[in-house]
Structures are given as structure tokens and as C-alpha cells.
Amino acid sequence: MKPLWNYKDIFDLEYFLHKDATLPAGSLVQRDRGIYLRHIEPALAATGQSPEPRIILRQWLEYRSRTEFGATDILSPGALFTEAHRTLRLLCLVIGLFFGSIAGLTFFNYAGTTPVNILAFLFFFIFSQIAVLLILLLSWLIRCLLRGRTASLPLGMRIMGNLTAKAILWGHRNILGRMWAESRDSLAASLGLLKGARRIYGSLFFWPVFILTQLLAIGANAGILAATLFRILTSDIAFGWQSTVQFSAPALHRLITVIAAPWSRFFPEDVASPSLTAIEGSRIILKDGIAHLATQDLVAWWPFLVLCLLVYGLLPRMFLYLASLFMQRRCLANLTFAHPPAAGLLQRMLTPSLTTQAAPEFRPQTTGPEPAPVDAAAEAVRRPGGNPVLVLIPDDIFPVFEMQELHEFLAQRGFSHVGTIRFMEDYEADREVLEALREENWQGNCGILVLMESWMPPLVAFLSYLQEIRQIVGTETPIFIELLGRPAASPGLAPVPEGDWLVWSRKITALGDPFISLNPLREQRP
Amino acid sequence: MTPEIAIMGHPNEGKSSVLSTLAEDDSVRVSPTPGETTQCRTFPVVIDGREVLRFTDTPGFQNPGRVLSILKTLSGEGGEIIRKFREQARIIAELADDRELLLPVERGAGIIYVVDGSRPVRNVDREEMEILRLTGRPRMAIINCKDQEEQHLQSWKEEFRKSFNANRVFNAHRATYAERILLLEALQSIDQDWQPVIGQVVTAFQRDWAARNQVTAGLIIAMLRDCLRFRLTVAANEESQDRRREEELVRSFNKSLAGIESKAHQKIRAQFKHHIFNYQLPPRSILREDLFNERTWQILGLSRRQLAILGGLSGAAVGAGLDVAHAGLSMGLYAALGGAIGALGAVLGGESVSTSASFMGMKLGGQQLQIGPVNSIDLLFVLLNRALLFYFHTINWAHGRRDYETAPAAGDRAPDQLGFTRHWPAARIRICNAYFKALQQDNDTSLFRIEQELQEMLETVLMEISQRE
């Protein structure tokens, strides 16, 4: 079955989510709930599909793409990616073919004096490819090994790890240390974004690149193969072998037999690999010339060479290409969309609007079928009062922060309040808070909401505390950081200044944790 | 061992700004992004080739709570527990910044703790203060209000009383020379051992400042001399009747004077160690106006009272020139100068110009067309006022300030609209007039004597401007 999501959709979804991140939450709630009620719910009812998050998100995306890109000639980011990838695939194949055939034609150049050197052929076209495949296999094995275990790696790998860490530290001190803090933070934030994308989408974005390299290799191998066949068919080529090191013909014969093992049983013995006599008969000693060598020995090599290219060059690449297509499809089929921006969007669509005036606006103006009224009871069962959150409030602002205000705000955001913890009193008290968090059950959909003052720069202490919390609550528990403006600036909740916002968002993005989201508290208010 | 003072505090509170201003070094990295400083950087105070004191800039505290928690578990004297802490923190990557910032304290440095007084006191601040108290080193707190708000000042001061020997408000963005000296003097009081060294530094700073003022006064006098004696002569052939050519001549005369002025200003700027700041002054500043702009002259010329003083003193020497100058101002100076030459050409009908013809300092004679020297004393006062204004802006642009592009006009306290000489007493005006007369008469003996007087007077004026808070 074709996966519900494809690359175009994912790029477009991320584009829209990114765009929405800068819009005030109030208007988003209204818009997304509207889209759900007017377009998604009727469509789901008509087709009888179950309201799964993936399907709802997909429908939302279709609607947004239609309204944003449908009427214009502008390609959506997703369409742009798809187009570009298609072109690149073709380009890789053509470039591979071109260079492969050029290499093949140049290599099989025989003017009647010096036969084509078999050992050089094996070295350049076969062994090098086998080496690349082995490296690929090895890196995959290491990755599997690292994924499974966290401690006690083999000594060699530990040393490698230590060296890498040292190199990173050195780089941080000597290269990053010289950068302005702003550039340093931006760089860290960009790396964090990549890390975050990996956590949401896994290896999804690796496969398109891998596919391109496979296509390049397929093209190159096909090119060499075609050039070889072309030369063999259209000109007479003599193959021979030579070496300064005096190794014997039987030794080479053994090596050739091993190389030919994969196909030897499917072909007659002389075709699968040259016989010992043929090998002995095709040894070249330059000072003696080739006149005395028998022609049947000199041409005995070609089926072996073609089979080598096919089995060690073209077929593995085709296998890898098909495997990466499969992996890509598997990744697409397993997408969960649990990261906060997507989860927030789902919540906005599925949470009934609290204002009474808003509902009529959402009614369609057309005479089409009336959308089924929202089954508020059913939603209440699914989300009793919204996602529960445990609120962490710094000791400094705990006394001045009014609980009533907090409850109002949580209700507005579709959260339900499960408890409040006072933190940042001192280091020891914060340890106790971590212990208290450890006691909680984080299996459900409960999240954590942290209130922070935007005008206090995010310290390493806070960022590492966040990471400690993350380790306790599990990788996918949402953590919401709500920023407060400077208290004296205006009565009530002051807005977050742009500079402070930038500093915070860079630091939080640099954590590379897609399940931590940062919001200004002020904008959530009407 | 050279005494060392470490500037410490929370990230982004203006430590580097304070240091940059104190050390008059605008190469210190200052930015609105927290965490700009990642390594300690030392700024030595060298007097006669000998390092007598050093200031050290440090990164901000990143884990005050954890540092304090560890320090409490350690025993020993202040310096000893810091050494133990740094040893213990060596393997904890998160504490890298905190470890680095305590390095000068381990070496025995005194502490200037910088806070942003425009925000409220928080737990992390109390933890930092407690850490500094545990170090046992002499320490002083500086309240550097980044915003104009001062409502939290009192609560900061109360906190400081618990763990600091002294505290001062010092705005790194607006600190004048006088405030810098006051801060240094205050440092003397927090540790008796420091008194002789810091006393020496203060004296050296004061002498250095006086020397800079002396050079500046000399530069201003040289500029006045060059400008007021400047003349431009070209051969007046047939084409000289071409009005456009005459206007060009006036333009080039004005440009030359502006060039002399600008060079002198740059030399003054170099005196005060400004490398980046280059007068992106608020648009309304008179310094950004053209020297020959009508407005410049109106604002910086002489007051009615001063004109009366000059009129009584020198009569004709000033009179005629001033009249023309003021007529020129009403029409715009370019028009006046250009028009004067053009009109003259028309009256004389292309005949050779009389040797005695002179308008507005432009002597037109024979086959030579000569402009200058300017015979209006107004130019002297305009140039003088502009030089003093330039000096005022230069010394009051704190080195820790980096908002070159966006400097708010409201923060500009320069008396642009008045001119420094507006309220000068008659004695000073007399010295200026005597100097102007000496230049006109080209009398070297009296010029030398009067220049000495002017130099002394300008040094006093510069010091007065420096002392303004």
C-alpha cells in the first residue's frame, strides 16, 4: 500500500508549522478549528475514515496547500523538493553513465602491443567497489551496535569516541570560542534543528541522499559494463596480467576462483573464470612481447570481467537502491507526528472553541451538506479538559504569580492543570524536585510546563536541568517553556522583547529536542 | 605580585562594557547576546613601562547554584576552597565557564561584581553574591543600569550590604571621565592594601588626562591658525569672469577649510583612544552640519552681548566683516560669496580688477583672484565651538558603548543648540579677539604670546568640560 505521507507532504507540513510558529496563537486556534469543522470533519464523515491524527493532519495539509499554493504558479516547498529530487536522480544516473563509459572506454584501449591489464581492472573497478561496500556494511554494523547499548563499548571504539570528543572540545575552544556569541548560538541552534529533525523523522531525510549516491553508482557501473561490452564486441582486445612481484599463476587462479565463486555454478567452468592454463598463457612479460602468447588465452578473460562488474558492481548497487526505497517507504509509513508543533495543531483542531461567538463564523456559507455538529462529549472522552500538564514555577516569581491567572491561561491553551512545583530555589531543592518528578508516572499524555523570565538569560544550569528532566520523563513527554516579560514594564503580563526571545529560542533550539517547545506567555492572551 | 581586579557577574549584565569603559578599550567584545565572553581576558594598567594593576574580564556565572553547593562542602580559606573547587570541577563539562571565571580569584584577585540594576534581584544573584563572599576577597559591587529604570536600585543596595565592602552606581554607557576617576577612588576604600597602588593609578590617570587636554588645546589652536590664515589664489584670466568658475573657487575654499577642521578632529579623536566610534551623532547635532551651513553659523556664532563686547574692543577690525557675514547668512553663505564675486565681475565689466577690492575676506586684485584669509571673527568662534563640541562628544562616548548606529538622540546631552562660548566671560572673548587680531596683523611676536594665553585658557576649558557629570 502506498504510504499516506510522502516527502512533499512532510516538507509542506514543516513549512506551514514553521510559518505558524510566528503567528499569534489566538488566530491559529480560530483558523485551525475552523478548518477542522468546515473541511476535515465533513470529509471524514463522508469517506467513513477514522479520525486518526495522521489522517486529520493530512487533510489539514491538503486544505492549506490548496488555499496557499493551489491558485498560484508558485511551487510549494514540498513540490520544489520533489521536482529537485527527480531532476537530481536523473542527473546522477546520466553523470554516472557518462563517467562510467568514459572510464571503461579509456581503460579498454588496446593497440596490439600491450594487452589490457586484468589486475589493474580488478583493482580499479572491482576491489575499490567491494571496499566501499564493506565500509558501508561496517558503518551500518557500528550504528546497530551503538543503538543497542549505551555502556561498555569495545576499547577501540571508546578511544575513537574520546578522540572525537576531544576534537570537538578543542574546536569549541579554538574555533567557536573566537566567534561572536550570536554566531555561535545560531550555529548551535542550526545543529540543534538538524538533531531535532532526526529525532522526529528518524532516517527519513537520509534516504533521498542515499538513493542519489546509489543511482550515481548504478549509472557508473552500467556505463563501465556497456563500454566493456562495446569494446569486446567491436574490437579485438587482449587481456593479460603482469606483476613485478613473482607470484605464481596457480595463486592467481585460486584468487580468481574465489572471486568467481558467486556465479561459478551457473556457468561452464571456462566461462565463469579462466582456467589455470589460460591464466598461465596470458601472463605478460613486457621484454618478451606478446607475439608468442596464444590468442584463446588472451581473450579467455572477458566473460569473467563482465560477470565481475555485474555481480560486484551493478547488482549490489541495485539491491541497495531497492533497499533504500523500501526503507524510505517504511520510514514514511511509521511517521507518528507527535512533536509539539504537530501535536499543538491537532489539539487546536480537536479542542472545541471556548468562545460562543466563534462558532457561527465556522459555518460554511455554501448550500452544501451541513457539517455534523461537533460531538463534544466524544471529544471530552478523548481529551478530558485538554492535555494535563505539571507546572514548574521558579521560586523567584512563585509568590507574585497569581494562580487564577495561571488556570485561565492553561484553560485557554487547552491544558488541564495537574499540579504546581516550585523550583530554582537552590541546587539541593532542585535535586529534590527531580526526585519528585521521578516519582510521577509519565506513561500517559501528561506534559510539563515551565514558566521562565525571558529577561534572565538562559543559563547552562537551566539548560542542563531541562535535559535532566527529559531523562526522567522520557523522550516524548512534551515540555512547554512559557516566557514571561519583564514585570515592571507594564501591569499584568508584559510582552517578551524580541532580543530576549531570540536568545532563548536559539538556546532551546540548540538542545535539538523537538519535544521541548518555547512560547511567549503574553501572546497567548487575548 | 601585581594587584588584580576581576570583573565578575551574571551573564549579560555589562561586565565587558564596564571594563571597556574603565580601560578605555573599545576592542573588548561587547554584545547584547549573553555569553559573549568565554575566557578571562586581562587588561594591564602600565605606568612608565611597569604593570601596576590589572583588570580581568571574566565569563558570566552559568551554574551559581551548583557552584555554591559544591563550595559549601569544601573547607579551607577563601583562596583554598576556590582552588579545591576548580580542581573538582575540572571533569564537569557544564562547569567550564564557572571554573574559568574563578581563575583570577584563585590567583588572589579582588572583585568588582557587576549587576544590571534595572532588573529585580533573583535567587541566582544571591547565590553569586554568596559565592563571592565565600571567596573572602575584597569586593565591591557596581550597579550598571542597562535600562533607565531605577526602581530596583534600593533592593540591590540592600542585598549588597550583606556581602560587599562597597557599592556604586556606574553606568558603563554614560560614564564620564569624572565618574571613572570616582570609581577608581572608591576601589581604594575596599582594601587598605590597594590604596597606594590605586592612588598611583588615579594620579597617573589624571596626569594622562591633563596631557591629552594639553595636546588637544594645541591641536585646536593649530587648526584655528590654519583656517584663519588660509588663502586660495588663482590666476584671473578672461575666464575669471565666468561666474561658475568663481563659485567653484569659493566652493573649493570652503572645502579646504572643512578639510583642515576634519583632520584636526580626527587627531583629537585619536587622543581619546576611540577606534570604532566615529561620530554617528544624532541627526540634530551641529557637528554633522556643514561648517559653512547657515544654521551652523547662526547657532555657533557670537551672541548679541558678545558682539557688543567685541564691537567696543576692536571696532572696525570686526565690523565690516561681520556685517557681510550676517548679510550672507540671511541669504545662505554660498549664495553670498558666489554672488559677491559675480556682482563684482559685472560691475567691473571685465576690466582688470582693482587691487584693493575686497569682499568678505576675498581680496580680488590684478590678474590674481584670491580668496581669504577670512576677515570675520565669527569663523573663529564657529570653529572653536565645533572643536569643543567634538571634544565633548568624544570624551563622553564610553568605550563600552557599542550602539554607534542607534544612539538615541535623547541620550545626547551635548549643548549643541548653544555653543560653548555663548556664556563665556568677557576675559575669554578678549583673548580670542586678541588672537584673531594677531593673526590678521601677521605679527609673530604678539601671536606667540597670545597663543600661550589661548593654550592655557583652552586647557582650563577642556578640563571644565571633562569635569561635567
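Two strands count as paired if DSSP finds at least two bridges between them. Helices (H or I, at least four residues) and strands (E, at least two) are themselves DSSP runs, numbered from the N terminus. What you're looking at is a predicted model, where local features need pLDDT of at least 70, side-chain atom pairs count only at pLDDT 80 or more, and totals for chains, interfaces and linings use all residues. Residues are numbered from 1 along each chain as its sequence is written, while chains are lettered from A and ligands numbered from 1 in the order in which they are written.

**View 1. A parallel sheet in chain A.** Here A:Val391 stands opposite A:Thr420 in β4(A). Eight bridges tie strand β3 (residues 387-394) of chain A to β4(A), and the two run parallel. Step back and you'll find five strands in an open, parallel sheet, ordered β4-β3-β5-β6-β7 (chain A). At its edges sit β4 (415-423) and β7 (516-520) of chain A, each pairing on one side only.

View 2. pLDDT is the predictor's confidence in each residue, from 0 to 100. For chain A the mean is 81, with 88% of residues at 70 or more. Over residues 356-384 of chain A, though, pLDDT stays under 50. Where pLDDT is low, the predicted coordinates should not be read in detail.

**View 3. Where chains A and B touch.** Two residues are in contact if their C-beta atoms, placed from the backbone, lie within 7 Å. Chain B brings 24 residues to this contact and chain A brings 24 residues. On the chain B side, α2(B) gives the most, with four residues.

**View 4. B:Gln455 and its neighbours.** This residue belongs to helix α17 (residues 444-467) of chain B. Leaving out residues up to four places away in sequence, B:Gln455 touches B:Ala217, B:Gly218 and B:Ile221. B:Ile221 is 234 residues away along the chain, yet the two C-alpha atoms are 7.3 Å apart. B:Gln455 counts as partly exposed because it has 15 C-beta neighbours inside 10 Å (20 or more other C-beta atoms within 10 Å means buried, 12 or fewer exposed, in between partly exposed, with C-beta atoms placed from the backbone).

**View 5. Two loop residues in chain B with positive phi.** B:Asn12 isn't a glycine, but its phi is positive, about 65°. Look for B:Asn12 in the loop between β1 (4-9) and α1 (15-22) of chain B; it's buried because it has 23 C-beta neighbours inside 10 Å. B:Asp48, also not a glycine, has a positive phi of about 50°. With 6 C-beta neighbours inside 10 Å, B:Asp48 counts as exposed.
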